Amino acid sequence: MAAPPPAPESHWPDYPWLFARTRAGRARGPDGARALLSALGHPERAFASIRVVGTNGKGSTCAMLEAGLQAAGVRTGRFTSPHLHTYEERIRVGGTNLDPARTAAFIAWAKAHAPDAAFFDLTLALACQVFAEKGVEVAVMEAGVGGQSDATQALDRVAAVALTNVGLDHTAVLGETVAAIARDKAGAAQPGVPLLTTAQGEALTVIAEVAQTVGAPLLTPHSHPELFALPRPPALAGAHQAQNAALAAATLRTLGYARGVAAALNAAHPARLERFEHSGKTVLVDGAHNPHATQALALAVPHADVLLFGGLARKDTAATLAPLLAVAPTRVFTAPGDLATPPAELAATFGGEAVPDPAQALARALALTPPDGTLLVAGSLYLAGTVRAQVVPKLA
């Protein structure tokens, strides 16, 4: 049951229908994705996959892997989430975003053949079909939530699993402890498939137990230092990016693409401590949206003049915000979406101004930032995307 050929460019995708396919009330796991891939003739079997799982750093690691594979002469696909500006950022071939006409054609097929499928499952299925159509050799596939419980568990021909780190996030789904979350993420391991990780402490202990049980070779900076060694720091800012770079480098070397390491270190990725100059002021945009990520951000940016922050209510917003309170004395809180933590509550609790509209909040935060000062934006990738479109209008 293959999808129809791409629709004319004039046929704009029905994004509202696609975005409305939420997972609310649906069972988690790979079964939905498996059913879609089966209906499409198993396109996931046409290419090798590198699964990237973990709490934070997945997007950066995927960007480095993509750059490294391309430099090594590999026809490369990349599947990531969420997007910052356009849906088609989620699916790339050879460094180029998906054509919206292809999205439109797939949505038309899904309406007719899989109207009850979940958004992430549909997007994963579309990515796999596009990669098969385009002759992708290796696809870098970012997990959504978890490992064993994630839709990417449906992928076939997995060449390696790269597990970045483990922190407390998505606790309602993955578990309330680091150990529980680590066990789910490590569930991505497969017999005989290299499992590489830069996780540490309790998480690493659990990952090692799972790897041994499954029969997956476990590679870490301690066990294989030569694989994870970096000739220089990565281009992406922040000390935490060195771990992501080490993981990407080790994965490339393990799979025989060591010649791509230099390009991986030069990779760029938006909204990861991204720096802009706007009206004589510095704007730092980061997608940090959980405590593990904001702790790393606070170490990378110990001081800013103003913080613009907005988070989703399903997250532990207070714990996410906590590391940033000492960074900036002046704070503006906003709502990055309908499901955001109310900015008025944050302002009342933590001190600052509440400006619900993100564009107006950015204008207010910039007004509060002194000349030659620094504004730090964090709390949500959705907020990061909105701010990027404002400070660089051509992105809108």
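Let me start with helix 3, residues 58-71, and helix 16, residues 381-391: each of them supplies at least two residues of the lining of the second largest pocket. Before going further, please keep in mind that this is a predicted model.

Staying with that pocket, its volume is about 300 Å³. The lining has 21 residues, and those closest to the pocket centre are Arg78, Leu84, Glu89, His269 and Pro270. Sorted by class, the lining residues of this second largest pocket come out as eight charged, seven polar and six nonpolar.

Two backbone details come next. The peptide bond from Ser81 to Pro82 is cis, and its omega is near -10°. Pro82 sits in the loop between strand 2 (76-79) and strand 3 (91-93). The other detail is Ala271, which is not a glycine and yet has a positive phi of about 65°. Ala271 belongs to the loop between helix 11 (261-265) and strand 9 (274-278).

Now back to helix 16, this time for its packing. Two packed helices are described by the angle between their axes and the distance between the axes. For helix 15, residues 358-368, and helix 16, the angle is about 65° and the axes are 10 Å apart. The crossing of this pair is right-handed. Which residues of helix 15 meet helix 16? They are Pro358, Ala359 and Leu362, and on the helix 16 side the partners are Leu383, Thr386, Val387, Gln390 and Val391.

The crossing of helix 2 and helix 5 is right-handed. From helix 2, the residues in contact are Gly32, Ala33, Leu36 and Leu37; from helix 5, they are Asp121, Leu122, Leu124, Ala125 and Cys128. The contact of helix 2 with helix 5 counts seven nonpolar residues, one polar and one charged.

Rolling a probe the size of a water molecule over the atoms shows where empty space is left. How many cavities of 30 Å³ or more does the structure hold? The count is one. The largest cavity has about 30 Å³ of space. Its lining consists of His289, Phe309, Gly311, Leu312, Lys315, Thr317, Thr320 and Gly379. In terms of class, five of the residues lining the largest cavity are polar, two are nonpolar and one is charged.

Last item, charge pairs. Side chains of opposite charge can pair when their charged atoms come close. Counting a side-chain nitrogen of Lys or Arg within 4 Å of a carboxyl oxygen of Asp or Glu, the model has 10 salt bridges. One of them joins the side chains of Lys111 and Asp14, at 2.6 Å from N to O. This pair links distant parts of the chain, 97 residues apart: Lys111 is in helix 4 (residues 100-113), while Asp14 is in the segment before helix 1 (15-19).

Conventions: Residues are numbered from 1 along each chain as its sequence is written. This is a predicted model: local features need pLDDT of at least 70, side-chain atom pairs count only at pLDDT 80 or more; totals for chains, interfaces and linings use all residues. Side-chain values use heavy atoms; hydrogens and water are left out. On a 1 Å grid over the protein atoms alone, a cavity is a set of points where a 1.4 Å probe fits but cannot get out, and a pocket is an open set with protein on both sides within 12 Å along at least five of seven lines; lining residues have an atom within 4 Å of a point. Grid points are joined across faces, edges and corners, and a volume is the space filled by probe spheres set on the points. Helices (H or I, at least four residues) and strands (E, at least two) are DSSP runs, numbered from the N terminus. Ala, Val, Leu, Ile, Met, Phe, Trp, Tyr, Cys and Pro count as nonpolar, Asp, Glu, Lys and Arg as charged, and the others, Gly among them, as polar. A crossing is left-handed if the near helix is turned anticlockwise from the far one by less than a right angle, and right-handed if clockwise. Contact means heavy atoms within 4.5 Å. Axes are lines fitted to C-alpha atoms, for helices over the stretch in contact, and angles run from 0 to 180 degrees between N-to-C directions.
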